[in-house]
Structure formats: C-alpha cells, structure tokens
Amino acid sequence: MSDNDARQELADAFGRELDPLEQYATTFEETGIDPFEVYVEERLSTKDISDSAVGEYHRTFREWKKHMSTVDRHPACPNEGHIKGFIDYLRGERGNADGTVKNRLMYLNSAYEYWQDDAAFPHPTDYNPIKLAKDTVNLNGDGPKEPPRVTLEELQDVVSGITHLRDLAIVTLQLKLGLRATEVCNIKLSEIHIQNSDVLDHYDDMGSARGLQGRTNALYIPHDREGNKSRRPRLLPLDDELRAVLVRYLLIRPDNGEPWLFLSKNTRNQLRKKAINKDVWKANFHPEYAETEDNRAITSHFGRHYFTTYWRVKEDLNQELVKYMRGDTVGGSQLSDQGAIRHYLHTYYEDIEEAYRERIFKLNL
C-alpha cells in the first residue's frame, strides 16, 4: 500500500478529508473578494516592517496566484500538493535559492494563519498545507556565500587607488555610513551640509533641508523617498576624512542645476543604482574581489556589510545605535521574547554623533 493510499484509508476511516479546502474554492470565486487583500488590510498593514519587506509579501502573493492559476484552484484553498508544486516552481522556473523559498513560504503562511484565526474564513485550525509541505521537502541547501574578509589595510589600499573623485566619494560614503546604493543616488545637495566656505558659497541650496535642522557637517536621509527603504528618517555625521573627499568632488562637480549630489558621468542627471554597482564598485574592486567558490563578490552592498560589522563586532557599539545608523527599525517588531520594553526604545542623532566622530575608521585618504 502506498503512502497516499494509506492516508486516504485513514481519512475515510475517521471521516476526514485529505483536501479539506477544495469544497470552499467555488464559494471564494463567487464572492469576488481577494482573501490576500483582506490579510494585507487587516494584518500586514499593522506590522512594523520596512516597505521593502511589504513588497516581498506582495511579490510572493503574485507568484502564488500565478502558480495556482495553472492548476485551476483558488489560491486561498491549497493542499500540500499545491505547496510542493509551488516550491518546485520557485526552485525550477524562478531559480530561487532555498533560503528565498523559505521566505516565500513564510510570507504565504502568514496570510494562511490569519485566515485560520479569523472567524470569517473556513480554514480549519488543524490543517496547514504549507507546514505539511515544508516539513516533507528538504529546504536546507547551502546558504548564501559570505562576503570576503577584507582587512582595513587592504581596504585602504584599494580605496587609495581610486582616481575618479566622484567614484572615490561614493565608495568612501558607503563604507563610512553604510548607505544603500539607492540612498546614495537619492541624496540631494540640500540634504548634506559641509562646513567649507568654498562649497557653501558655490552651492546656495546646500544644507537647507528641514531635516538637517541647522546641524553642520551632517547628512539627512529621508525615509519617504522611493528606494530609501527605511521606515524612519535619520541624520548621520560626516567625519573630517569624508568631508575632505566630498569637498574635492563638489568643487569639480558639473554645475548644471540638478539637485542630486551625485550625477551620471554620461547624462549628467541623477545617478542610478546599477551604475554605482557596475561602474564604481566592480570597476575598482574586481577582479581581485570578484566572486569565488567560497565568497560572494564585492558589490555596492559591501559597504553596508563592512559598516555594520565594524560597529557591532570591532567597536561593540550598542545594537540599537547601529540600527539607527543603518536605518533599521529600532527595537524590532516583536514584543514577545524580550518583553514590551523593546517597543519603547528610541534613538536619536545625538546618541550616536560623538561616538561616531571619535571612533569611525580612517581610510588614510
């Protein structure tokens, strides 16, 4: 007797259904209501997570609906076979690594567990096809490669060889402030202040952003600009070395009326993320730090890795202060393991400014 035959015999003996949600599929179709939209409105919108994470939920739901349309079943009424098929789809057609597949199942399961909790939905509390499928499929493939271990001396050597002033300013900025490439592209002249008479005389709008609040030698990163991803705005200090590099760049920056700090070499308008990765980081760090069998390649995201590791591992700075500088949600979104006190943690520019200026690493530029 096969496993499926045995399961069916047991189900028949106990008056159970192996596919208990099948009976509800037609009713869901007839209502015209999207259960995922109900979840988004009632539960996801209340989660304290970044906009990028919300985007991952929506991407997962789109892919799941597409998959279920190929098997002619309403996406809110799966069985474990549908989930296993989705895993095969993500691995095969989408080429997703097992870690990504796990994340997709986690997002999907969040919606399913909400339906189990809400009395408006028919999902039984003793049947979860997502967990059943996940427990029977091996999703323990190799995790993502680690970035290479680069000493400060090695980093200083590479950075000192960058001759293009704009590229040098971008790499220095990302290493010293841990900025995402999109955040770098989004910096406006009004959102940065450098106490230098030549620069201030030339750029009338410099430092005028309301978020700077009259502070000097600082950078303001707004949270509500597309691509910035963070859920709260933040202020970051500019140390003397970074300011010196930025001044050198600003004095030769094309003066064409564009509001952006960094401009494209070709079009002289706002710089794009792809250009930072390809034309700045890869151009200066490859082939020496290209991908190997053991390590991922150094790309524009490396600065964020190095910055975080430096402050948490080498400097042992308080985690919440590092999260502030990174633009992460301080305190986290869960109120369980460490108590509700985490929900009331707040950090400010004044909490990190002095420590940053005294302890940030030098690139010997």
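Visitor: What counts as a helix here, and from where are helices numbered?
Guide: Helices are DSSP runs (H or I) of at least four residues, and they are numbered from the N terminus. Please keep in mind that this is a predicted model.

Visitor: Which residues of H14 are buried?
Guide: In helix H14, residues 302–314, the buried residues are Phe-302, Gly-303, Arg-304, Tyr-306, Phe-307, Thr-308, Tyr-310 and Trp-311. They pack against several elements, among them H9, strand E3 (234–237) and helix H16 (349–359).

Visitor: Which peptide bond is cis?
Guide: A cis peptide bond, with omega about 10°, joins His-286 and Pro-287, and Pro-287 is found in the loop between H13 and H14.

Visitor: Switching to the inside, how many residues are in the largest nonpolar core?
Guide: The largest nonpolar core has 64 residues, and Leu-175 and Phe-262 are the ones with the most contacts inside it. Helix H9, residues 165–177, gives the largest share of this core, namely seven residues.

Visitor: What does Leu-175 touch, beyond its neighbours within four places in sequence?
Guide: Once those neighbours are left aside, the contacts of Leu-175 include Leu-155, Trp-281, Phe-302, Phe-307 and Phe-361. There is also a second, separate core, which has 33 residues, including Val-40, Met-68, Tyr-112 and Trp-115.

Visitor: How many aromatic pairs are there?
Guide: The structure holds 23 aromatic pairs. One of them is formed by Phe-28 and Phe-121, which are stacked, with 6.4 Å centre to centre and 25° between the planes. This pair links distant parts of the chain, since Phe-28 is in helix H2 and Phe-121 is in the loop between H6 and H7, 93 residues apart. Both Phe-28 and Phe-121 are buried.

Visitor: Why is the pair of Tyr-57 and Tyr-107 called tilted?
Guide: Stacked planes are under 30 degrees apart and edge-to-face planes over 60, with the rest tilted; the planes of Tyr-57 and Tyr-107 are at 45°, with ring centres 4.5 Å apart, so this pair is tilted. Tyr-57 belongs to helix H4 and Tyr-107 to helix H6, 50 residues apart in the chain.

Visitor: Last topic, which residues of H7 are buried?
Guide: The buried residues of H7 are Pro-129, Ile-130 and Ala-133. Seen down the axis of H7, these residues fall within an arc of 100°, so they line one face of the helix. Helix H5 (80–92) and H6 are among the elements that cover them.

Visitor: And which residue caps the N-terminal end of H7?
Guide: Asn-128 caps that end of H7, with a side-chain oxygen 2.9 Å from the backbone nitrogen of Ile-130.

Definitions and conventions. Residues are numbered from 1 along each chain as its sequence is written. This is a predicted model: local features need pLDDT of at least 70, side-chain atom pairs count only at pLDDT 80 or more; totals for chains, interfaces and linings use all residues. Side-chain values use heavy atoms; hydrogens and water are left out. Rings of Phe, Tyr and Trp (its six-membered ring) pair if their centres lie within 6.5 Å; planes under 30 degrees apart count as stacked, over 60 as edge-to-face and the rest as tilted. Helices (H or I, at least four residues) and strands (E, at least two) are DSSP runs, numbered from the N terminus. Buried means under 20% relative accessible area, exposed over 50%, partly exposed in between (1.4 Å probe, protein chains only). A nonpolar core is a set of buried Ala, Val, Leu, Ile, Met, Phe, Trp, Tyr and Cys residues joined through side-chain atoms within 4.5 Å. Contact means heavy atoms within 4.5 Å. The arc is that of the directions from the helix axis to the C-beta atoms. A polar contact is a pair of N or O atoms within 3.5 Å; within protein, one must be able to donate a hydrogen and the other to accept it, and residues adjacent in sequence count only if both atoms are side-chain atoms.
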